[in-house]
Every structure is written in C-alpha cells, then in structure tokens.
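Keep the sequence and the 3D view side by side as you read.

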Amino acid sequence: MDRRLFIVIAVVGFHVLGLWALQTGLLRRAVELVVPVQVMAEFIELPQPQVTPTPPPPQPQPEPVPKRVTPPVPRPAPQPVAIADPTPSPTAATGITEPQPPAPPPQTPMVVAEPAPPAPPKIELPSSSADYLNNAPPPYPPLSKRLGEQGKVIVRAFIEVNGTASKAEIRTSSGYERLDQTALQTVLKWRYIPGKRAGVPEAMWFNIPINFVLE
C-alpha cells in the first residue's frame, strides 16, 4: 500500500513540476538541450480477488431406524400364600402319637449253590502208529496197480483192551472192491494201543484211514 502511494505522489509531483517548467520556460530549454530521458514505468499487478469455492451440497443422511421398543412384560399378580396356623383346630383329636416301629429288614432268600457236575472223564482213542507195534503197510493189489486203481478207505475197527481188532467194517469205500478188502484184512492183522477212559484201558471203536496211491 505504501508503494502505491509513493508512485501516485511521484506522478503528481512530475505533473506539478512540468506545469511549473512550462510557466518558467525551463521545459523549452530542456528540449533544446535534447537530454534523453528514459522513463521506466513499473506495472504493478493488482491482486486478484480470492474466489471462495462453493461447498458441495450436503449428502442426504439416512433416516434413523426407529428402535423396536419391547413392550414390558406384565408381572403376574401375587398369589395368596397359605400360612399355617400353629393353633390346633378345636375339632382335632388330642393325644400322644406313638412313633411307628421300624420295618423289619427284608429277608434275603438263601441260595444254595448246586454242586457242579463232575467233569467228563478223559477219553484217549486207540492208536496204530507207534513204531514199536511194527505194523506193516497194506500191500497194493497187483491187479489194482496194473489197472491204475487208487483211493482212500476208512475202516471202522473195534479195538480190544489187549490191543487187537476183534472186528472191522468198511465205513468209507475207495470205490474199488480189491482196495477195500485189502484195507479190511490189514486192519484186522495190526496191533494197537488200546483206548483209555480216565486213564483206564477200555475197548472201543476206532476209525482207521488207509490211502492207496500209485507212485
């Protein structure tokens, strides 16, 4: 602001000085002397007014959701309470009440354990495979060998207490009569270890398998 005032005063002073020079003839002399004078003018840019930006329009605020108000639960009305009256009723029977006798304890029936049945006696079957019996294998019938007959025979024999077979029969046949008869005769000739019941020798039946196989 001071600078602008100084320029205005300087311009006014130059005008006043020019008028005074015209009146006194000093300006004419200055022209005659032809003294070049360079006048510099400084242009001062006036300050531009500040433009205040227009504020954006306000955003629409969402409407608040009203809170659900839970209606108060009505309290139940107080119920009348019965108060026991310690005063005995005039119609009540008077007297001394005797306590009930304790109930007798329940009687547990006595369970008599029955004796366990005796274990069955151990039975040992006869045997014909002991080495000291020296039982030879049954002979293969020559005709059956030539015809290629082979099979398994099961002979049922009754073994006596002395270790001999008193009788025998075919239980399962091989399918060939010659093989069955050979097995039957062999079983009747063999010696056996007699069967035992509870460690005591006893006569009993015994199944003896005999295989006829061509090598």
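Of the chain's 215 residues, 17% count as buried, where buried means under 20% relative accessible area, exposed means over 50%, and partly exposed lies in between (1.4 Å probe, protein chains only). The accessible surface comes to about 19,600 Å², and carbon and sulfur atoms own 63% of that area; such areas come from the Shrake-Rupley method with a 1.4 Å probe, and for residues only the protein chains shown count as cover.

This is a predicted model, in which local features need pLDDT of at least 70, side-chain atom pairs count only at pLDDT 80 or more, and totals for chains, interfaces and linings use all residues. Residues are numbered from 1 along each chain as its sequence is written, and side-chain values use heavy atoms, with hydrogens and water left out.

How confident is the predictor? The pLDDT, its confidence in each residue from 0 to 100, averages 76 over the chain, and 61% of the residues score at least 70. Over residues 30–47 pLDDT stays under 50, and the model has four contacts beyond four places in sequence for them; contact means heavy atoms within 4.5 Å.

The chain has four helices and six strands, in the order α-α-β-α-β-β-α-β-β-β along the sequence. Helices (H or I, at least four residues) and strands (E, at least two) are DSSP runs, numbered from the N terminus. An open antiparallel sheet is made by three strands in the order 1-4-5, with strands 1 and 5 at its edges, each pairing on one side only. Two strands pair if DSSP finds at least two bridges between them; strand 4 and strand 5 are joined by three. In one of these, G195 has E202 of strand 5 as its partner.

The largest nonpolar core has 16 residues. Such a core is a set of buried Ala, Val, Leu, Ile, Met, Phe, Trp, Tyr and Cys residues joined through side-chain atoms within 4.5 Å.

V187, among the core residues with the most contacts inside it, touches residues including V155, Y192, I208 and I210. E169, in strand 3 (residues 165–172), lies 18 residues from V187 along the chain, with 9.6 Å between their C-alpha atoms. Is E169 buried, partly exposed or exposed? E169 is partly exposed, because its relative accessible area is 37%. Beyond four places in sequence, E169 contacts I154, V155, R156 and L184.

Definitions and conventions. pLDDT = per-residue confidence, 0-100.
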